[in-house]
Amino acid sequence: MWRFGRKTGTGVIRRRSCLLKLRPAVAQKKVHFSLPPGDFNGVRKTGPFLFPDRWISNHGSAPSSSSACFNMRLFCSGTSNKDPIEIHKHRLMLWFSHLPQEEKQFGGYFSPETMHVDPLILEKNPEEGRGLSISPFKENISKSNSLAIEQIFDSSQNGNQGRGLNVLLYGAVGTGKSTVVRKLVLDWCAGSTLSQFKLMVPFSCEDLCHLSKPTSLRDLVGRKYMHLRKTPFLSGDSDQAREVLFIFNGMEKMKLDFRIGSSELCSDPNEALSSGAVVVNLLRKYLLPEASILVTTRLSAVDRIPKKYVSRYAQICGFNDPDRQRAYFTSRLLLQSGEKPGKDAESLIEMLYLNLQRESQLAAACFLPSYCWLTCATLHFLHFTDAKAPIRTLTGIYTSFLRLNFGGEVLASGDMSSQEYRTSLMLYVVRTVGKLAFDGVTNKRTYFTEKDLEQWIGGKTKTDEELQQLAVFRTDVLDFFLVPCVEHSRKVTESGDKRYVFAIPAMQEYLAALYVVLGENKNALEKVTKQVSEVVGQASEDITSIMSILSKLIPLRIFAIFNLLKLFPKLSERVSNLSKGRIASTMAAEMFRSEDSFNEDVLDQVEQNLLGVQGPQPEQEADTRSFELYPIFMGGLLHYGNRRLLDQLGCDIKSTTVVQITRSLKKQLVRESHKQLPPAELMDLLVLLYEFQNPRLTAEVLQSVKVINLSTVRMTPLKCFVLSSLLDCTPSSFLLDELNLSSCHITPDLLHMLWPTFHNTRCLNLQFNSLDPESCILLRDLLLESNCTVKTLQLCDNSLLDRGATHLLDALPGNQSLQKLSLMHSGLGDRAALELAARLGQHTGLQELNVAYNNIGDNAAIALVDACREHPSIHTVHLYLNQLTDVGKQSLHVRGVPQEKGGRRVKVLASVTEGSDISEDWHPILSVITKNSLSWERERVREQLLVFLKDLEWGRKQHLSFWKKLHFRRVESVVRQTLRMLEKGSATGTKPASK
């Protein structure tokens with residue numbers, strides 16, 4: 001269950017064997033390996049993804065053994081006679097086709113060809129409007145200005161035919177710039193676009209900005225692409241460079257200086273310059289003026305290139321309409337591995353599309369393709385999780401999402417090479433947006449005013465460098481997390497202030513949890529204690545040494561007071577430990593809030609946020625908003641895999657912090673687990689333990705749980721997998737008194753996923769589900785296991801039919817544990833009852849049998865009661881609501897009474913009356929009927945209740961005793977009350993459950 005991203009020994013062995021096979025070929029020829037530039041060695045972004053990155057260092061693992069062997073064979077083939085351009089295309093195709101680790105969580109369903117949807121691209125100069133973004137609900141977008149990516153290098157737009165085009169493609173974070181470039185490179189390699197360029201040279205600006213040694217353009221290209229070292233296209237001779245396209249992705253990561261004094265003019269591709277100077281001279285058209293250039297950048301860096309050096313501006317606007325969004329969702333959720341999509345997947349797409357058409361908050365978020373990826377990843381996690389898929393968690397999905405968009409980025413101001421004003425971008429997000437999110441969670445708010453943003457985001461900035469950082473952050477990043485609220489009628493105040501919300505509601509809870517776990521939520525005592533401890537701790541050793549010497553020369557006891565200086569570091573550590581305990585207490589308090597006990601479980605809430613709620617729903621006030629994902633994210637962030645990704649983002653969670661929080665949290669969870677939690681709250685606790693991914697903690701918490709009651713929780717493949725995985729962490733001796741999965745919408749497929757959990761319980765309750773006769777085969781195998789511990793098996797209200805009962809009866813000879821079997825309302829007939837009567841003697845431990853509300857007649861019922869009377873241990877048989885006549889009911893009562901003195905008595909529950917007397921078991925019969933009347937076939941239940949009333953009235957008339965008559969009237973009132981409840985349910989339109 002628990003995986004930490006380490007490669008298995010099998011993969012290593014395969015890789016070694018693959019290399020051994022290749023050694024003879026390598027020995028015969030000298031092979032040169034060349035890799036694309038820095039950021040092109042793996043995939044850098046996704047969402048739709050993008051750009052290859054240093055995936056070995058970022059992901060912590062190499063490609064799979066099979067793909068490694070495949071790529072190695074391609075690289076090791078003889079290439080001396082091949083055209084360098086063809087080699088270049090081949091290797092670009094390999095690297096840009098590589099999917100990141102985050103995509104592998106979907107089970108390898110997707111490929112770049114099937115999941116790409118073109119975003120909207122507009123030819124738009126930044127001066128055309130104050131805002132550089134487009135509203136997702138703006139319908140009057142000029143279609144004449146939209147263009148495809150291959151059209152931006154249309155030669156007819158070039159006024160100077162002797163010079164190449166400089167195209168600046170700009171857009172906000174997450175709009176799909178890297179995706180478009182990635183698709184453009186792959187299409188060029190395949191020969192399907194930009195055929196006018198014979199050579200395409202992509203660069204990552206993040207890689208270029210780290211080059212400190214001056215180098216020429218040709219050496220720079222040769223360093224990144226060894227096979228292009230001698231290409232004539234870059235020689236500068238004649239006009240061969242007009243067939244070359246340079247791509248510089250992420251220009252905001254470089255600080256280009258177009259002043260002559262800073263970047264000298266140079267037209268020689270062989271002259272060594274700084275990387276920035278090379279790019280500047282290419283854009284100036286002083287170096288290889290015939291070459292065309294594509295530059296991608298974020299909004300804050302648009303003005304870094306002077307307008308005179310830009311031939312064409314193009315803004316990438318993401319998915320501006322539901323149809324583009326639906327196409328993206330369909331390609332990822334419906335077209336999986338070429339198989340025919342199932343009805344569940346099609347229904348999921350339809351519900352999602354309906355929510356997008358409502359111009360909901362989700363539609364505004366999915367304006368950014370990155371949030372489309374997050375939505376797909378979450379829905380895939382909720383609906384397509386199975387035991388074969390890689391281990392995934394909701395916290396892991398959100399952490400991967402942030403790594404894909406902000407991995408390794410820093411927020412710099414002033415000199416890009418200076419470390420003084422370089423801050424991890426993600427850490428800056430946590431300290432600003434995370435603080436705002438935490439304030440919202442604390443005060444139960446999901447929307448924020450401009451005043452709130454001013455207060456929490458950059459409100460205390462002082463220096464010019466900090467103000468510059470804030471300006472870049474507001475332009476590039478802030479709109480990625482916070483968007484204007486769509487529901488203006490509810491969120492706009494009387495003064496007309498604009499309200500902002502998080503693009504995805506769960507992102508607010510994630511950032512708030514990250515803010516707390518990173519220890520940014522310090523009170524005044526913690527801040528002062530830490531500062532004093534650092535200052536005093538540094539000087540305490542020197543002062544103590546001096547005073548110890550003076551105390552020997554001048555024996556005054558007053559110098560002993562300086563020993564108190566040693567206490568300050570310990571005091572700081574003590575306060576820090578209390579802070580970690582406070583985090584654990586916060587998690588437990590938020591997890592088990594009494595006002596949230598009647599909410600749906602947290603996974604259903606996540607699904608409703610994405611798919612919407614069908615039909616009318618009650619108005620929910622802002623102060624009633626629940627944040628039940630908040631403590632779950634706090635637990636998930638402590639998992640090693642998430643901490644490793646966060647470390648790449650510049651957010652370090654120490655192992656000592658995790659240990660301290662876990663130790664305190666265990667006590668809190670064990671104490672709460674002793675209580676009888678509502679089913680939805682118990683499901684939330686299980687999700688928290690699953691997100692934590694700590695087997696030892698899970699086992700210690702579940703040891704104190706004796707009953708798992710998930711009744712009425714809508715079980716999904718994910719919830720079944722969570723339950724099965726958690727119980728798999730417990731020792732083999734662990735046993736539950738009851739596992740209640742009644743009314744959980746369990747299907748035969750889900751039953752297979754839950755099968756391992758059935759070994760840990762004495763009472764298994766599967767009533768009111770959707771099991772079929774074939775499901776009984778799995779239950780039969782469970783009962784036949786030698787270590788079976790199931791004593792009570794409840795299968796009421798499942799369509800098992802006679803065939804299913806036959807499968808179950810096959811387990812009677814080999815089972816020794818079963819004591820109570822309930823097959824009420826399972827479609828049994830006379831055949832099943834007679835077979836049950838014939839085979840009861842094969843199992844000597846059965847004590848109670850419930851076959852009520854079936855289609856059993858008089859003869860089969862009598863045979864079954866006779867068999868039960870001869871059985872050594874059966875004492876109760878339920879036969880009410882069957883096809884029994886009055887004569888049959890009386891005969892059953894007589895047969896249940898011992899025929900001779902000292903004989904066994906079998907309690908037969910067939911009716912509320914026994915002849916002219918009231919049955920002593922009338923109350924359990926009516927309580928069962930009352931409890932299930934609204935879910936059963938109402939007309940049949942009504943007929944049986946009217947028969948009960950008729951029998952009671954006839955019996956009352958047979959007695960003269962006032963007390964007897966009073967007792968009959970009391971039972972009659974209960975029957976009449978059940979009838980009224982049944983009629984009221986019919987009047988309100990409540991439909992019975994279909995079976």
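**Questions on a predicted model**

Student: In strand 2, which residues are on one side and which on the other, and are they buried or exposed?

Tutor: In a regular strand the side chains alternate between the two faces of the sheet. N166, L168 and Y170 are on one side of strand 2, V167 and L169 are on the other, and both faces are covered. Buried means under 20% relative accessible area, exposed over 50%, and partly exposed in between (1.4 Å probe, protein chains only). By that rule, these residues on both sides are all buried.

Student: What kind of model is this, and how are its residues numbered?

Tutor: This is a predicted model, in which local features need pLDDT of at least 70, side-chain atom pairs count only at pLDDT 80 or more, and totals for chains, interfaces and linings use all residues. Side-chain values use heavy atoms, leaving out hydrogens and water, and each chain, as its sequence is written, is numbered from 1.

Student: Which strands pair with strand 2 (residues 166-170) in the parallel sense?

Tutor: Helices (H or I, at least four residues) and strands (E, at least two) are DSSP runs, numbered from the N terminus, and two strands pair if DSSP finds at least two bridges between them. Five bridges join strand 2 to strand 5 (residues 292-297), where L294 is the bridge partner of V167. With strand 6 (residues 312-316) there are four bridges, and Y170 stands opposite Q315 there. Both run parallel to strand 2: strand 5 and strand 6.

Student: Which are the edge strands of the open sheet of eight strands?

Tutor: That sheet has the order 12-13-14-15-16-17-18-19, with parallel pairing. An edge strand pairs on one side only, which picks out strand 12 (707-709) and strand 19 (907-909).

Student: Where does T876 of strand 18 meet strand 19?

Tutor: Strand 18 (residues 876-878) and strand 19 pair in the parallel sense over three bridges. In strand 19, the residue opposite T876 is K907.

Student: Which residues does G434 touch, not counting residues up to four places away in sequence?

Tutor: G434 sits in helix 16 (residues 425-442) and is buried, with a relative accessible area of 0%. Contact means heavy atoms within 4.5 Å. On that basis G434 touches V429, L511, A512 and Y515.

Student: Is T449 buried or exposed, and what is its relative accessible area?

Tutor: T449 lies in strand 9 (residues 447-449) and touches K498 and R499, not counting residues up to four places away in sequence. T449 counts as buried, with a relative accessible area of 17%.

Student: Which elements have the lowest and highest mean pLDDT?

Tutor: pLDDT is the predictor's confidence in each residue, from 0 to 100, and the protein chain averages 78. Where pLDDT is low, the predicted coordinates should not be read in detail. The lowest mean (36) belongs to helix 2 (residues 55-59), and the highest (95) to strand 14.
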